[in-house]
Amino acid sequence: MPSLGADIETGTLVQWLVKPGDRINRGDIIAVVETEKGAIEIEVFQSGTVQSFAVQEGDKVPVGATLALIATDGETPAPPVREPVPVVPAPSSLRPAAALPTAPAPAAPPAAPAAKPASAAATAHLRISPLAMRVALELGIDPATVKGTGPGGAITRFDVEAAAKGKAAAAPPPPPPIATPSPTPTPAAKEIRPAMMAADKQAAMRRAIAAAMARSKREIPHYYLGTQIDMSRAIAWLREENLRRSINDRLLYSAMLLKSVALTLREFPELNGFWVDGAFKPGDGIHVGVAISLRLGGLVAPAIHDADKKSLSEIMVSLRGLVKRVRAGVLRSSEIADATITVTSLGEQGIESVFGVIYPPQVALVGFGKIVERPWAEGGMIGARPIIMASLSGDHRASDGHRGGLFLAALDRLLQNPEKL
Amino acid sequence: MSAQEQTRPQTIHTTYREAMREAIRDALIRDPRVFLMGEDVGRYGGCFAVSKGLLEEFGPERIRDTPLSESAFVGAGIGAAMGGMRPIVEIMTVNFSLLALDQIVNNAATILHMSGGQFNIPLVIRMTTGAGRQLAAQHSHSLEGWYAHIPGIKVLAPATLEDARGMLWTALEDPDPVLIFEHGSLYNMEGELAADAGAVDIEHAAIRRPGSDLSLITYGGTLGKAMQAALELAAAGIDAEVLDLRTLRPLDNDAIVDSVTRTHRAVIIDEGWRSGSISAEISARIMEGTFYELDAPVQRVCSAEAPMPYPKHLEEAALPQVSVIVETARALVGKRD
């Protein structure tokens, strides 16, 4: 289970997108994991052949746990993994099989036919009346085990109550699922218990943000700097540039801001990276996290990778993709985990300046307000200019205000020469 | 039952038609502002013989034959009501009432609102509705659900002798327009009615038969069919409740929700067409109010979506029938063996 960002310690494997025996390449998306931050697509970093799964769909496992064995090219398949995977107990009682903490994950032989987990049965909806569902929950009956006699074979209250009577009458409880060969949750049971309800998700995300922000303010000695930047040249250049582009390819000024931050960071490596174990660790590239707010509240800050090396067009494409995937609730593991700095723009909300809270373990956060027209003196003349307030929240353990100030000044210089972007 | 009979020993054997006539007579006697107006209500005694004998008893000033113009005489009724009278306007059938739709919907229903509360319209409009007598598509439709859509009017559907006798006076007492829909097949319905039967409330639905397995929700001309279906279901071991809505606007929401909350299943029986009907409204309210109590999807038994046929066998095929209600209810309850 890859790192899924600060303060996310576990993830629930919702779906395998490959099966044992499949050929996979570096960068392929092989699984979907559910976290407090929404569904995240897991990428693979080796090419090879999927040998076996160590974690089944529905299991909640800690970051760092083995998810699957992959035979890399030229390697002979190792014997199936036998070590037990520490499965975190799930809170629901509806999935006894998957929730057992000590259940070893048996590996299917590599040549086994696709044990397709999301089979037709899993996608078919359980026909159960609202009343019967409620009664089933009250009586602790798994509706998937009840035979329906209602309209179209639907499960009714009568059926659930009959099942409850039958269960009470049966002498010993069924053997514990540990004895069964495959502790996979029954598809129907899975169907009626979504990985995380929307309200729970909201609450979980709120908790994740709370934990990260509290940790930031507890541990990080912030310093804050702000400066006004004249955007007239940048905007004039952008207008010219957009005239040459088709509507779909046009640039937003936010792409310019992201690119200029990324380029400026090349000269200020102490702002780009992480504070871990009492020391600064520079980022392995300039991956700019973009704070994106969610419609139902909360936010995430997935990364645009190597933003300094991307063209404005590429940044624009990345930005669009990120916003789309954030809103859809599907992010890639690398995007969520490895931003080396965060940029937040609250200009859309109409505010002029923002001094943000650093997202640990990052060491800096750059904020932009909205572009406002203001009187501006330059060369002895006063004119109306579009002005943006750029701010820097810095981790004083990793950098000092002097360097932070130079960073903002360099950012300003770059934005006065937009053609360099 | 016997105790109940002891408390009201005096009953008379009567019909729905006579109960309705008695209600009109009573109103004419009690309130000098009341008069009856409509096509053939006087000399002919009413198209369905409801007002037979009233012209002789009350004279042409209070039993007024009108020209064949629904728009004109309903409009006259609105004017009389505004002027302080308490008119009862009879329209021959709901099909013909469409000629007076402008007066009913655009005037009667809105004047209180549009005059800033200055003018109430204490008007009662009676009309027949429904099929079953081979009167074909000119006279047989059930459009009361349309009127139930309109704010500013009340819509009543008396289905019993008590309601035929008692709803009119309460409607006349109401300061605003009230429409009374009399199902044509009910006029000959016979039964016992308390000799002292009088005004009844028009705000509440009535449980005509309590039951625990499902609710048959209906009104007007299909109440008898629902009662018959409940009897047959009881023989099959299914205990059906029959809820008579009585008033279609405003609907007695609590009664509907209470009944379905107890029985967890509902079949709505409505002689109107299914699409965009009062049965659709009731179904929606059940969903809104009792979703987590439902043990099966709400079902509806309505008329075939075609103009009402004239031939007897086709008319029967088009209308909700007891056998269909029973089948629908049995499918809903499921196998119980």
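Two residues are taken to be in contact when their C-beta atoms, placed from the backbone, lie within 7 Å. On that basis, in this predicted model, 65% of the contacts in chain A between residues at least 6 apart in sequence join residues that are at least 24 apart. Chain A comprises 11 helices and 19 strands, and of its 421 residues 38% count as buried.

The contact between the chains can be followed from the side of chain A, where 11 residues meet 12 residues of chain B. The elements of chain A that supply two or more residues to this side are α3 (130-139) and α4 (157-169), and α3(A) gives the most, with 4 residues. Sorted by class, the side of chain A that touches chain B holds 5 nonpolar, 4 polar and 2 charged residues.

From the interface we turn to the interior. In soluble globular proteins, nonpolar side chains tend to be buried together. The largest nonpolar core here has 104 residues, and those touching the most other members are Leu156(B), Leu168(B), Leu216(B), Val267(B) and Ala329(B). Because domain 1 (2-194) and domain 2 (206-333) of chain B both contribute residues to this core, it lies between them.

Conventions. Residues numbered from 1 in each chain as written. Chains lettered and ligands numbered in written order. Predicted model: local features only at pLDDT ≥ 70, side-chain atom pairs only at ≥ 80, totals over all residues. Nonpolar A, V, L, I, M, F, W, Y, C, P; charged D, E, K, R; others polar. Buried ≥ 20, exposed ≤ 12 C-beta atoms within 10 Å, placed from the backbone. Core = buried A, V, L, I, M, F, W, Y, C linked by C-beta atoms within 7 Å. Domains from an automatic or database assignment.
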